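Hello,

Here is the structure you asked for.

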Amino acid sequence: QVQLVESGGGLVQAGGSLRLSCAASGRTYSSYAMGWFRQTPGKEREFVAAISWSGGSTRYADSVKGRFTISRDNARNTVLLQMNSLRPDDSAVYFCAANPQFPPYSFPPSTLRGYDYWGQGTQVNVSS
C-alpha cells in the first residue's frame, strides 16, 4: 500500500500563489507516475497536472498551463504543485494521486483510472 498526504492548501486572493505538497510513504516501487486532480462540489474530479518518475515528462490541463508547475523530489518521495496567478475558479479540493510501476520515462496518465492511490485532499480557496 502507498499512503499519500497532501498539504499546502489554504485561502489566497486572486492573483496570488500557493504551493501544494504531496508526501508518499509505505510500500516502495521502482517508479511512480504522480498526478494532481481537483474537485468542486457537484462536479467530477478533474485532471490538473502529472509528472513521470524521471521528471522529464509532464502534462497539464489547458486551464492551468502557464500558471501551474508540477515537480518532484524522488529522494524525499514528494511531488509539488506550484500554483501562480490563481483565479477564483481554481478553488477546489486538490488530490494527489500515484501510479506505481508506471514506465519511468513515459507521459504520465491524465485520467482518474490511470492512478491507483489517492490522498485525502487539501482545500484551496481563491477569493476575488
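Strands here are DSSP runs of E, at least two residues long, and they are numbered from the N terminus. Keep in mind that this is a predicted model.

Start with the pattern. Along the sequence, the protein reads β-β-β-β-β-β-β-β-β-β-β. That makes eleven strands and zero helices. The radius of gyration is 14 Å, close to the 14 Å that the globule rule gives for 128 residues, so the protein is as compact as a globular protein of that length. Its C-alpha trace spans about 45 × 25 × 25 Å along the principal axes.

Next, the contacts. Take pairs of residues at least 6 apart in sequence: 61% of their contacts join residues at least 24 apart.

Now look inside. Of the 128 residues, 44% count as buried. In soluble globular proteins, nonpolar side chains tend to be buried together. The largest nonpolar core here has 33 residues. L4, M34, W36, L81, M83 and Y94 have the most contacts inside it. Several strands give two or more residues to this core, among them strand 1 (2-7), strand 4 (32-39), strand 8 (78-83) and strand 9 (92-100).

Which residues does L81 touch, leaving aside its neighbours within four places in sequence? They are L18, R19, L20, W36, V48, A49, F68, T69, I70 and Y94.

Last, the surface and charges. The accessible surface comes to about 6,600 Å², and 46% of it belongs to carbon and sulfur atoms. There are 12 positive and 8 negative charges, and their mean positions are 4 Å apart.

Best wishes

Technical notes: Residues numbered from 1 in each chain as written. Predicted model: local features only at pLDDT ≥ 70, side-chain atom pairs only at ≥ 80, totals over all residues. Heavy atoms only, no water. Helix = DSSP H or I, 4+ residues; strand = E, 2+ residues; numbered from the N terminus. Rg over C-alpha atoms; globule rule 2.2 N^0.38 Å. Buried < 20%, exposed > 50% of the residue type's maximum accessible area, 1.4 Å probe, protein only. Contact = heavy atoms within 4.5 Å. Areas by Shrake-Rupley, 256 points an atom, 1.4 Å probe, with all protein chains shown as cover. Lys, Arg positive; Asp, Glu negative; His and termini not counted. Charge placed at Lys NZ, Arg CZ, Asp CG, Glu CD. Core = buried A, V, L, I, M, F, W, Y, C linked by side-chain atoms within 4.5 Å.
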